[in-house]
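Hi everyone, thanks for making time today. Could you bring the model up on the screen while I get my notes in order?

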Amino acid sequence: MAEKKILQLSAHVFKIDDDKKSWKELGKGSIPVAVLHDENRNTYRVVAMDGQSAVINSLIQPDMKFTKTSAKFGQWTDAYASTVYGIGVGSEEVLAQFQSGFETGIRARPKPTPSPKQRQNSGDRAGGADVASAAGAAAPSSDVLAQLKYENERLKIALGTSATNAKRWEQELQTLKNNNARLKTALQESASNVEEWKTQLTAWKEECIRLRAQVKELRASGGSEAAAEAETLKDELSRLRGRISSLEAEKSALETQTMAASGGKRQMADQIGVLGGQFASKLAELNALQAQLTRIADN
């Protein structure tokens, strides 16, 4: 009769690499894993297939033990294959189903009883030797010790990494606290500056309102008089400029007459001096009016 599947699942399977003392994955990713039962011989075995190749073919023996190392990973030692197998599944429930099927295979076959000769040899040993023999029989194999040593080293590395990360996180937390304190101080200073700026802005607004009112008062009180005076001065300035132009014309005419008549040079020179004095006087008046007009315009 052919073997009967009592359990089938999909999992990642591994075995211990003797050289690197680390897990080596068997197969490509998740592959079918089954627990088969041979009813004729009442044997159970774990078979993992990667395509057409059986990467695990482990006959379950009564002295085997399945060890659950995490929620989704377990392992067992196959002394006949001289290796340690591991299996990783997608959930804790699936791992529990595999463990139940594995332990069913362990319970199906009773542990072998020692032969009479073995019992005689055991009886001949001293009590201390019996204890040592029992301890030796119960001691794990070298593969299990290697795996335990590997797991222990890995845990040490993980703990060291965690301690380093904890220190780094503590330093980063302290840095964040310091940055937070500096930001809080900067915000307080900014708030004080904003209040000061608000006070200055209010003062400037009040000063602007006051100056505008003063300008309005000045315009209402003296604006019309200043405008009238400015117009009068402009008219006087225009009149003086016209007078200066006429004087310059007269001076030019006199100079022409002087050049034409040599007999009346002295008389012409006197007239020219009089006209020059009048011209200088009018020019001084014009300059005074210009200065006065400039002051009125500035006010």
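I'll start with confidence, then visit a few residues, and finish with a cavity.

So, first things first: this is a predicted model. The protein chain has an average pLDDT of 77, and 74% of its residues reach at least 70. Which elements sit at the two ends of the confidence range? Strand β6 has the highest mean pLDDT, at 95, while helix α3, residues 127-138, has the lowest, at 33. Please look at residues 121-141 as well: pLDDT stays under 50 there, and the model gives that stretch four contacts beyond four places in sequence. A word of caution here: where pLDDT is low, the predicted coordinates should not be read in detail.

Now let's go to a residue inside a strand. V35 is part of β2. Is V35 buried or exposed? With a relative accessibility of 0%, and the cut-off for buried being under 20%, V35 counts as buried. Leaving out residues up to four places away in sequence, its contacts are K4, K5, I6, L7, Y44, R45, V46, F98 and G101. If you'd like a distance to check on your own screen, V35 and A48 are 13 residues apart in sequence, and their C-alpha atoms are 9.0 Å apart.

Next come two loop residues with a backbone feature to look at. N42 is not a glycine, yet its phi is positive, at about 55°. You'll find N42 in the loop that runs between β2 (22-38) and β3 (43-50). Its relative accessible area is 31%, so N42 is partly exposed. S82 also has a positive phi without being a glycine, with a value near 55°. Where is S82? It lies in the loop between β6 (73-78) and β7 (83-88). At a relative accessible area of 45%, S82 is partly exposed too.

Last stop, the cavity. How many cavities of 30 Å³ or more are there? The count is one, and the largest cavity has a volume of about 30 Å³. Its lining is made up of L247, E248, K251, L275, G276 and F279. Two helices, α4 (142-260) and α5 (265-298), each give two or more residues to that lining. Sorted by class, the lining has three nonpolar residues, two charged ones and one polar one.

That's my tour, and I'm happy to go back to any of these spots with you.

How values were computed:
Residues are numbered from 1 along each chain as its sequence is written. This is a predicted model: local features need pLDDT of at least 70, side-chain atom pairs count only at pLDDT 80 or more; totals for chains, interfaces and linings use all residues. Side-chain values use heavy atoms; hydrogens and water are left out. Helices (H or I, at least four residues) and strands (E, at least two) are DSSP runs, numbered from the N terminus. Buried means under 20% relative accessible area, exposed over 50%, partly exposed in between (1.4 Å probe, protein chains only). Contact means heavy atoms within 4.5 Å. pLDDT is the predictor's confidence in each residue, from 0 to 100. On a 1 Å grid over the protein atoms alone, a cavity is a set of points where a 1.4 Å probe fits but cannot get out, and a pocket is an open set with protein on both sides within 12 Å along at least five of seven lines; lining residues have an atom within 4 Å of a point. Grid points are joined across faces, edges and corners, and a volume is the space filled by probe spheres set on the points. Ala, Val, Leu, Ile, Met, Phe, Trp, Tyr, Cys and Pro count as nonpolar, Asp, Glu, Lys and Arg as charged, and the others, Gly among them, as polar.
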